[in-house]
Amino acid sequence: MAKRNTLFVCQNCGVAQPKWLGRCPSCQSWDTMVEEPAGPARRGRTSAPVKLTPLTMALERPEVRQRTGLPELDRVLGGGLVAGMVVLVGGEPGIGKSTLMLQAAQSLGGDGGRVLYVAAEESARQIGLRAQRLGLAGRGVELLADTALEPIAQAMAQGGYHAVVVDSIQALKSDELASAPGAVGQVRHCAAELAGAAKAAGCALFLVGHVTKEGALAGPRVLEHLVDTVLYFESEPSLSLRLLRAVKNRFGATDEVGVFEMGEAGLAGVSNPSAHFLAHRPASAPGSAVCAAMSGTRPLLVEVQALVSPSGLAMPRRQALGVDQGRLHMLTAVLAIHAGLDLGGHDVFVNVTGGVRLSEPAADLAVAAAIASSLANRPLPAKTVCFGEVGLAGELRAVGRSAARMAEAQRQGFGQVLTAPGKTAAPADLELLSADRLDQALALLW
Ligand code: TYD
Ligand code: MG
């Protein structure tokens with residue numbers, strides 16, 4: 001491929017310079033010049049008609065999902081892979097991205113597919129050792145240990161792959177740019193070229209990207225708009241769990257979470273995360289409530305903890321982890337006004353265990369119950385699950401997916417559920433308590 005000229009473009013104002021400069025001569029910002037190819041070679045306009053696709057034609061071909069064989073991965077992908085889908089898998093070094101990708105590659109390859117695994121950071125031998133450790137058969141997976149973009153794109157164009165894994169995008173280098181691997185310009189250019197190659201070949205593409213604690217400049221952030229799906233792999237140290245979250249997905253919901261456990265033989269999907277999240281629950285301690293939350297399409301029981309302690313501060317503290325800070329302020333106000341709780345002289349800390357983030361209002365009742373329990377220094381009934389939205393007037397509101405939440409409570413061996421009045425009947429063996437108002441609900445708990 002003929003070497004194109006490159007330009008250094010300010011990421012702040014867009015001004016282009018032939019040489020790298022530490023400070024943009026136009027907008028004066030520092031360290032914003034990034035190398036980019038100087039535009040594609042100019043092609044003459046052809047008189048060929050522009051090809052359009054009628055929507056009716058597009059409708060006739062519903063998307064076919066290819067399952068990866070790892071149910072927790074399929075869940076966050078929105079049900080499986082779509083041809084030409086580009087997925088960015090981000091996470092801190094050592095979290096298990098390579099392990100996950102190799103397991104997915106084997107699962108797809110062993111299922112009769114052909115998978116290309118580009119090892120840009122490790123040698124083929126290192127990948128082989130990992131595969132051995134994971135007990136993989138190796139069938140259907142081809143390795144390419146290279147860091148140059150062009151041969152990878154060529155291999156993809158030769159075709160026949162169902163999926164391609166590039167581990168990692170930060171280790172790739174294109175001949176067209178002079179900057180080092182990992183530089184913003186390189187990462188973006190390589191990702192764009194590979195995404196184009198994947199769309200042309202109709203294969204799914206996984207790009208692995210490292211994020212550092214500081215959220216590194218050349219990390220996955222600069223790629224998010226280039227790809228269809230962004231998954232982040234995070235750890236939950238206290239539970240030895242790994243959570244795979246979708247933060248962007250053109251082919252599915254973004255509130256799905258895949259749960260894995262790292263063991264001797266690699267990553268194993270956790271099909272019953274509720275049990276993990278509740279495993280260390282001090283059931284007889286005040287300030288602990290169980291919430292039936294929805295994590296995407298999956299109901300999840302999580303423990304909400306509150307600690308209410310006398311405060312010496314003029315403005316007592318309200319600290320939330322795993323629930324929205326503003327929501328906590330609102331709930332403490334509602335508890336004070338409508339349930340008569342004396343929180344004015346108390347600090348309130350709320351935490352959702354297991355690193356789970358509860359973003360839905362359905363968690364309100366459990367948060368309120370945990371706070372009331374801690375203030376009263378009385379444990380909540382051990383076998384009760386709460387869910388429901390709390391309104392500013394102190395009313396309790398019904399939330400969606402009640403049946404799924406109740407079914408999960410019953411499945412995990414709880415005997416009672418407390419929520420707002422609704423149309424959903426509780427399953428057998430599960431006692432349904434409902435209240436119109438928050439103060440009534442709290443009274444029912446004791
Ligand atoms: P790795 O997938 O290399 O992480 P990343 O690609 O995100 O940098 O592996 C991460 C860690 O997982 C590593 O410290 C070793 C550990 N591990 C296991 O505990 N069990 C296993 O079977 C494998 C393959 C790795
Ligand atoms: Mg790795």
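**Glycine 209 counts as buried, at 1% relative accessibility.** Buried means under 20% relative accessible area, exposed means over 50%, and partly exposed is in between, with a 1.4 Å probe and protein chains only. This is a predicted model, in which local features need pLDDT of at least 70 and side-chain atom pairs count only at pLDDT 80 or more, while totals for chains, interfaces and linings use all residues. Residues are numbered from 1 along each chain as its sequence is written, chains are lettered from A and ligands numbered from 1 in the order in which they are written, and side-chain values use heavy atoms, with hydrogens and water left out. Glycine 209 is part of strand β8. Helices (H or I, at least four residues) and strands (E, at least two) are DSSP runs, numbered from the N terminus. Now look for leucine 88: 121 residues separate it from glycine 209 along the chain, and the two C-alpha atoms are 6.9 Å apart.

**A cis peptide bond leads from aspartate 167 to serine 168.** The omega angle of this bond is near 0 degrees. To find serine 168, go to the loop between β7 (163-167) and α6 (184-201). Is serine 168 buried or exposed? Serine 168 is buried, because its relative accessible area is 0%. Which residues is serine 168 in contact with, leaving aside its neighbours within four places in sequence? They are Ala120, Glu121, Val208 and His210. Contact here means heavy atoms within 4.5 Å.

**Helix α5 (residues 149-158) has buried residues, among them Leu149 and Ile152.** Glu150, Ala155 and Met156 of α5 are buried too. What covers the buried residues of α5? The cover includes the strands β5 (115-119), β6 (141-144), β7 and β8 (204-210), together with helix α6.

**Strand β10 (residues 241-249) is largely enclosed by the rest of the structure.** We can say this because 7 of its 9 residues are buried. β10 is joined to strand β9 (residues 229-236) by 8 bridges, and these two run antiparallel. Two strands pair if DSSP finds at least two bridges between them. Tyrosine 232 has arginine 245 of β10 as its bridge partner. β10 also pairs with strand β11 (residues 257-263), again in the antiparallel sense, over 5 bridges. In that pairing, arginine 242 stands opposite phenylalanine 260 of β11.

**Three strands make an open sheet in the order β2-β1-β3.** The pairing in this sheet is antiparallel. Its edge strands, which each pair on one side only, are β2 (16-17) and β3 (33-37). Strand β1 (residues 6-10) runs antiparallel to β3, and 5 bridges join them. You can pick out one facing couple here: leucine 7 stands opposite glutamate 36 of β3.

Aspartate 31 is in the loop between β2 and β3. Its relative accessible area is 55%, so aspartate 31 is exposed. Where is arginine 401? Look in the loop between β19 (396-397) and α10 (402-411). With a relative accessible area of 45%, arginine 401 is partly exposed.

**Stepping back, the protein chain is divided into domain 1 (6-37), domain 2 (64-271) and domain 3 (276-445).** These bounds come from an automatic or database domain assignment. The C-alpha centres of domain 1 and domain 3 are 51 Å apart. How many helices and strands does the protein chain have? There are 11 helices and 21 strands. The C-alpha atoms fill a box of roughly 75 × 55 × 50 Å, taken along the principal axes. Of the 446 residues, 49% count as buried. Among contacts between residues at least 6 apart in sequence, 65% join residues at least 24 apart.
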